[in-house]
Amino acid sequence: MCGTPVVLGIESSCDETGAGLVRDGRLLGHAVASSMDEHARFGGVVPEIASRAHVQALNPVVRRALDEAGLRMSDIGAVAVTTGPGLSGALQVGLAGAKGLAYALGVPLYGVHHLAGHVAADTLAHGPLPSPCVVLIVSGGHTSLLLVRDLARDPIVHLGDTLDDAAGECFDKVARVFGLPYPGGPAVDRVARDGDARAVNFPRPLTGAHDDPYAFSFSGLKTAAARWAERHQGQVLPVADGAASLQEAVADVLTRKAVAACTDHGVGTLVVVGGVAANSRVRSLAEERCAAGGITLRVPPLKLCTDNGAMIAAIGDLLARAGAEPAPLDVSIDPSAPLEYAALHPVARPRATVSS
C-alpha cells in the first residue's frame, strides 16, 4: 500500500489483549480478548494470570483484527504498542510480540503511553482533537485533568491528578464492601439504576473554596461508603441506594472540576475518556453541565472507553503522520511512566555489577 501506512496497535497493559488497525484516523478493524473472568474470583487482576492470558491471546487477536479489516499481515506499515504504564509482565508480552512483528515485516515500531491512547480513542469516533482541549481521563487506576494541544507533537499539561485512589479504584473497592462482583464500576452502575442518588449524602472530596480546584481524592469517599455499610450490620443493606449515591458523588466531583477547568482556561471542548467514561451517570451529568456552560462534550463510544488496541493504533497513526521518530531497537517498558508525551520510548539501563 502507498501513502499513509496501516498501523497495527497492540495493547496488553492489564487484563485485556487488544489489537487494532488504523489508517489516516480511520479505524479499519479491531479485536479484544479479556481475561477478566479469570481474575473475578480473586477480586482484582492477578499479574501472572494476566501475563499468561496475553501470551495465549496475542496472535489470535491480531488475526481477528486483520480479518475484520479485510487485510493481510503484509499490509501493515507500522506497529504501535503500549510500553507503559501497566503490569510489568503484561507489558513485556505485548512489546515482545510487537517487536517480533515489526522486525519480521520490516516496518517502524512506536512505543505509546497507555493514557495517551485513551485520549486518541476519541479521534476514531469524532475526528481530530481541537487544539487546545481539556481531557478528563478516568480509568481504573488513573484520574487526571489534562490540557492537550497537538497530541503527537506537544507536551501534555497536567492540570490536576488524583492524590490517592482513582475513581475506578473507588468503585472497585466500595463494590467489594457492598457485596458486588468485580469489576466494581459496571456492577455499581447496574445496581444504581434501581436506587435513589439522594439517599446517602456522601462527601464531595476537594470541592471546598480553598482546595486545589483540579486535584482529585477518592480515598475519603471510599472510606465514607465503607462506614455507611458498616452501620447496617445485621440489617439488609440498601445496596441500590448506596450505589446510586456513590455514583452521584463520583460523577459530581469529576464533572464539576472538568467543566471548571474548561471555563477557567477558556477552552470550548471537554473530552472524557477511560473506562469510567462508560459510566452512565458520569456521561449524563457531563452532558448536562457542558450544555449549561456552552462547552462541547466528546466521549468515545462504549467499546472504545475500556482498554483496546484501536486506541494504541490511533496514537501510532498520529505519530506516523507527524513524522515522529520510531522507537529504538532496545526500547523497553516503563510500568510507572508519567504521562508527558504520547510517544513513550524508554530504554532499559544495564544494572551495575559489583566486582569481587
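Pro85 sits in the loop that runs between strand 4 (76–84) and helix 3 (88–105), where helices (H or I, at least four residues) and strands (E, at least two) are DSSP runs numbered from the N terminus. The peptide bond that joins Gly84 to Pro85 is cis, with omega at about -15°. The model is a predicted one, in which local features need pLDDT of at least 70 and side-chain atom pairs count only at pLDDT 80 or more, while totals for chains, interfaces and linings use all residues. Residues are numbered from 1 along each chain as its sequence is written, and side-chain values use heavy atoms, with hydrogens and water left out.

- Tyr182 and Pro183 are joined by a cis peptide bond, for which omega is about 0°.
- Pro183 belongs to the loop between helix 6 (167–177) and helix 7 (184–192).

**Positive phi at non-glycine residues**

- Asp24, although not a glycine, has a positive phi of about 55°, and this residue lies in the loop that links strand 2 (16–23) with strand 3 (26–34).
- Asp24 is partly exposed, its relative accessible area being 44%; on this scale buried means under 20% relative accessible area, exposed means over 50%, and partly exposed lies in between (1.4 Å probe, protein chains only).
- Leu206, which is likewise not a glycine, has a positive phi of about 55°, and Leu206 is placed in the loop between helix 7 and helix 8 (219–230).
- Leu206 is partly exposed, with a relative accessible area of 23%.
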